Amino acid sequence: MAAKKDNEIDEEELKVDDVPLDEEEDTVVVEVPEDEPTLDDLPGVGPATAEKLREAGFDDMLAIAVMSPSALADAAELGEAVSAKIIAGAKKLANIGGFLSGNALLEKRSEVLKLTTCSVALDELFGGGFETQAICEVYGEFGSGKTQIGHQLAVNATMPISEGGLGGEVFYIDTEDTFRPERISQMARGNGLDPEMVLERIHVARAYNSAHQMLLVDEIKRMAKNIEVKMVIVDSLTSHFRAEFLGRGKLAERQQKLNKHLKELKQLADVSNALVLVTNQVHSKPDAMWGDPTKPIGGHIVGHASTFRLYLRKSKGGRRIGRLVDSPNLPEGEAVFMVTGEGIRD
Ligand code: GTP
Ligand code: MG
């Protein structure tokens with residue numbers, strides 16, 4: 001079936017391509033280094049294929065370059081042979097990055113923004129706030145405050161950078177139907193902000209299953225071209241995956257899908273200089289011989305994909321303890337905070 005599809009597309013492409021390519025050679029002045037190459041610069045991509053790629057959310061060279069032929073074929077409804085050719089072309093045109101000097105990396109890092117949590121202790125734990133260009137996983141048992149942190153950071157991200165915000169739009173993927181605009185209003189008022197203005201900048205979508213959840217990320221990627229996406233929240237990252245892929249036999253498939261989902265989220269974080277916050281439940285491991293008997297869902301896949309992991313526990317007197325579990329540049333440590341009517345506070 002795949003072979004037949006390839007042939008069809010190939011023929012169509014050849015017809016469409018020959019003309020614009022010739023025209024381009026005559027009229028377009030090459031070597032304009034500031035200009036990013038576009039899809040139409042790819043070999044074998046005429047207007048029809050370019051449109052298919054765009055519709056599937058691939059308008060960035062790097063996004064294409066890192067795909068496998070079969071995955072691109074599936075996503076953009078192309079033949080595999082055509083996909084392979086397009087990917088090869090994208091690899092040549094994309095700014096893959098390769099090796100960067102330490103100084104260049106430092107410069108990219110210098111663009112990182114830090115988002116305040118409204119708790120001094122939590123901000124300090126995170127070296128000044130939650131970082132952009134990163135995925136932060138917040139995990140803990142029910143009622144530990146994951147959704148409350150999501151709401152608070154959504155509010156704060158709409159604040160100007162000079163006030164500890166990210167000065168941009170927030171996209172909230174709600175899988176458990178626990179997003180509450182009323183709670184956003186309360187927290188906005190708690191920060192002296194106009195609730196209506198804050199709500200206007202938080203865009204919420206309910207995800208009905210894991211496939212829908214992944215599609216919503218594609219949608220955000222598309223919108224990120226015209227909108228300053230500064231934060232994406234997935235609350236919860238794992239609940240649909242956990243419910244849909246039950247049992248040992250489905251584990252590999254579940255992990256594969258989660259991995260793909262997380263990679264797309266990380267790409268969004270990098271490209272948009274945005275913060276991605278994902279929440280995760282824990283499952284108890286009664287057989288654990290030592291250490292904490294609770295473990296986050298998703299195991300190594302989620303653990304490796306997250307740049308920061310914050311483990312929340314309930315404590316006495318309504319206090320919450322947040323433990324920074326995994327971070328590339330910060331020491332492990334704990335912070336105590338409260339969930340109040342006005343939001344997260346020390
Ligand atoms: P699951 O999604 O069930 O796994 O839990 P979660 O970790 O997302 O918990 P969530 O963030 O929803 O925390 C719920 C807790 O936050 C409640 O038990 C309250 O203690 C606290 N909380 C929620 N809303 C308010 C509020 O308006 N005022 C105050 N003071 N506390 C609140
Ligand atoms: Mg929750």
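Pro69, Ser70, Leu72 and Ala73 in helix H4 meet Glu80, Ser83, Ala84, Ile86 and Ile87 in helix H5. Contact means heavy atoms within 4.5 Å. By class, this contact has 6 nonpolar, 2 polar and 1 charged residues. Here Ala, Val, Leu, Ile, Met, Phe, Trp, Tyr, Cys and Pro count as nonpolar, Asp, Glu, Lys and Arg as charged, and the others, Gly among them, as polar.

The model is predicted: local features need pLDDT of at least 70, side-chain atom pairs count only at pLDDT 80 or more, and totals for chains, interfaces and linings use all residues. Residues are numbered from 1 along each chain as its sequence is written, chains are lettered from A and ligands numbered from 1 in the order in which they are written, and side-chain values use heavy atoms, with hydrogens and water left out.

Helices (H or I, at least four residues) and strands (E, at least two) are DSSP runs, numbered from the N terminus. Two packed helices are described by the angle between their axes and the distance between the axes. The axes are lines fitted to C-alpha atoms, for helices over the stretch in contact, and angles run from 0 to 180 degrees between N-to-C directions. H4 (residues 69-76) and H5 (residues 80-93) pack at about 110°, with axes 8 Å apart. They are therefore roughly perpendicular to each other. Angles under 35 degrees count as roughly parallel, over 145 as roughly antiparallel, 65 to 115 as roughly perpendicular and the rest as oblique. The H4 and H5 crossing is right-handed. A crossing is left-handed if the near helix is turned anticlockwise from the far one by less than a right angle, and right-handed if clockwise.

Next come H8 (residues 146-157) and H9 (residues 181-190), which pack at an angle of about 55° with axes 9 Å apart. That makes H8 oblique to H9. Their crossing is right-handed. From H8, Gln148, His151, Gln152, Ala154 and Val155 meet Arg183, Ile184, Met187 and Ala188 of H9. This contact divides into 5 nonpolar, 3 polar and 1 charged residues.

H11 (residues 210-223) packs with H13 at about 20°, their axes 10 Å apart. H11 and H13 are therefore roughly parallel to each other. H11 passes H13 in a left-handed crossing. The H11 residues in contact include Met214, Asp218 and Lys221, and those of H13 include Lys257, Glu264 and Leu268. The contact holds 5 nonpolar, 3 polar and 5 charged residues.

H13 (251-271) also supplies at least two residues to the lining of the second largest pocket, as do E9 (294-296), H14 (299-305), E10 (308-314) and E11 (319-326). A pocket, on a 1 Å grid over the protein atoms alone, is an open set of points where a 1.4 Å probe fits, with protein on both sides within 12 Å along at least five of seven lines; lining residues have an atom within 4 Å of a point. This pocket has 24 lining residues, with His283, Lys295, Pro296, Gly298 and Gly299 nearest its centre. The lining splits into 8 nonpolar, 8 polar and 8 charged.

Two backbone details remain. The peptide bond from aspartate 235 to serine 236 is cis, with omega near 0°. Serine 236 sits in the loop between E6 (229-235) and H12 (239-244). Glutamine 133 has a positive phi, near 60°. This glutamine 133 lies in the loop between E2 (130-131) and E3 (134-140).
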